[in-house]
Amino acid sequence: MAGNSGGPWGGGGSSGGGGGNRGNGEGPKRPPENNGGGSQIPEIDDLVRRGQEQLRVLMGGRGDPRDPKRGGGGGGGPIFTRGTIILGALVALGLWGAASFYTVKPEERSVELFLGSYYSTGDPGLNFAPWPVVTAEVINVTSERTENIGGGRGGGGGDGLMLTTDANIVDIDFQVVWNINDPANLLFNIRDPQLTVQAVSEAVMREIIAASNLAPILNRDRGIIADTARENIQSTLDEYESGINIVRVNLDTADPPAEVIDSFREVQAAEQERDRLQRQADAYANRVLAEARGQAAQVLEQAEGYRARVVNEAIGEASRFLAVAQEFNEAPEVTQRRLYLETVERVLEGLDKILLDEATGEGEGVLPYLPLNELRRSGQTDNGGSN
C-alpha cells in the first residue's frame, strides 16, 4: 500500500506519507495549483456563500455560525466591510434624493415647509426640498373649480330662497367659479376651501338680494347683481387671506318660489298689459299736445307779424305826415296843390272816366268817347293767347 503514496490525489512531499492515505476517514482533497505566490482560487460556491453573508450582515443579520471569522460561533458582531458601507451609503443617498427632488407641472405650484412652517413657493419644473427637514405640497392653481349654490346644489332644498327688501321671496340659483392665486395662504389659513367659498358666496348673495326689490332682480339687474356678488365675495375672501381668486359668478335663475310662480306670471302679464296701454295713452297725449303747441305757436307768430306790420305802417304814416307838414310850412301853396293832385289821382285811379268840357252849345260839351282801357285790355288778352 506504501507504493500508492504518490498517486494523483496524494501529497507526495509530506514526511509522514499520510497525505495520500484514504484510510484515515478524510475525503479526497483537490490538488493544489500554483498561482504565482502559491494562493488558491476560491470556488464558485464559496463566492456565493460569502456574498450571501455580506448581504445578511448589511441587512442587520449575523454571519455564518459555522465560520467564526464571519461572526458565527465566536459571539462577535457583524463585520462591515468597506464595500458594504459604500453600497449602503449609495442606496441611502439614492433614496434621499428620490424623496428630496420633485417635479412641478406648469399648471401647479408647490409650497415648501421647513419643519412644518412656510419656507418658499416652488415654480414649475424640477425642485429640490431636502427631506425630511423640508417637505413640499404640490397644488393645482390654474384649474377652475365650480360651486353650485341654490337649487342646483341641493336639488331644491331651500338654499336659494332669499328675502328681498320689498318683503318678497325669490329663488336664486347661481354658480361661483374660482381658482387659487396663493397656495401658501390656502394651506395655512383655510381648512376647507370648498365650504368656505360656498358659505361666503351664499352670505354675500343674501345681502345683495336683501337690498334689492323683486322686479329688478327678475328682469334687468341680473348682470349687475352677478358683478356685485363677485366683487363682494372676492373682498371677503381677501380679508380672510384665503389665497382664492373668484373668476366669475353666473346667475342662472331668479324666479319666485315654485308654489306661487303661476300666480306671479299672471300678475306679470297684467302689469305688462297695463304698461302697454299706458304707453299708447302717452303716445296719443304727446301727439295731440304737440299739435296744439304747434297751432298756438302759429297763431302767436301771425299775431306778432300783424302787430309789427301795423306798427311799422303807423310809424311810416307818421313820418310821412311830419315830412309833408314840414314842406307845407315852407311852401304852403305848392304843397297844397300837390296834395290835392295826389288825392285826386288816388281816388280816380282804376275808374272809367268821361271828361266833359264847358258847354258852348247843345251837345257841344261832350267829347268823343274812345275806350282806351278796353283796347288796352283786349290787346293784353291777344298777346297772352298768342304766346
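1. The buried residues of α7 are covered by several elements, including β8 (169–180), α5, α6 (214–218) and β9 (244–255). Cover here is contact, meaning heavy atoms within 4.5 Å. Helices (H or I, at least four residues) and strands (E, at least two) are DSSP runs, numbered from the N terminus.

2. This is a predicted model: local features need pLDDT of at least 70, side-chain atom pairs count only at pLDDT 80 or more, and totals for chains, interfaces and linings use all residues. Numbering starts from 1 along each chain as its sequence is written, and side-chain values use heavy atoms, with hydrogens and water left out.

3. Which residues of α7 are buried? They are I225, A226, A229, I233, Q234 and L237. Buried means under 20% relative accessible area, exposed over 50%, partly exposed in between (1.4 Å probe, protein chains only).

4. Helix α7 (residues 222–239) has 18 residues and should span 26 Å at 1.5 Å a residue; its end C-alpha atoms are 26 Å apart, which agrees. The expected span is 1.5 Å times one less than the number of residues. Just after α7, E241 has a positive phi of about 55°.

5. V200 lies in helix α5 (residues 193–210). V200 counts as buried because its relative accessibility is 8%. Leaving aside residues up to four places away in sequence, V200 touches I233, T236, L237 and Y240. V200 and Q234 are 34 residues apart in sequence, and their C-alpha atoms are 9.3 Å apart.
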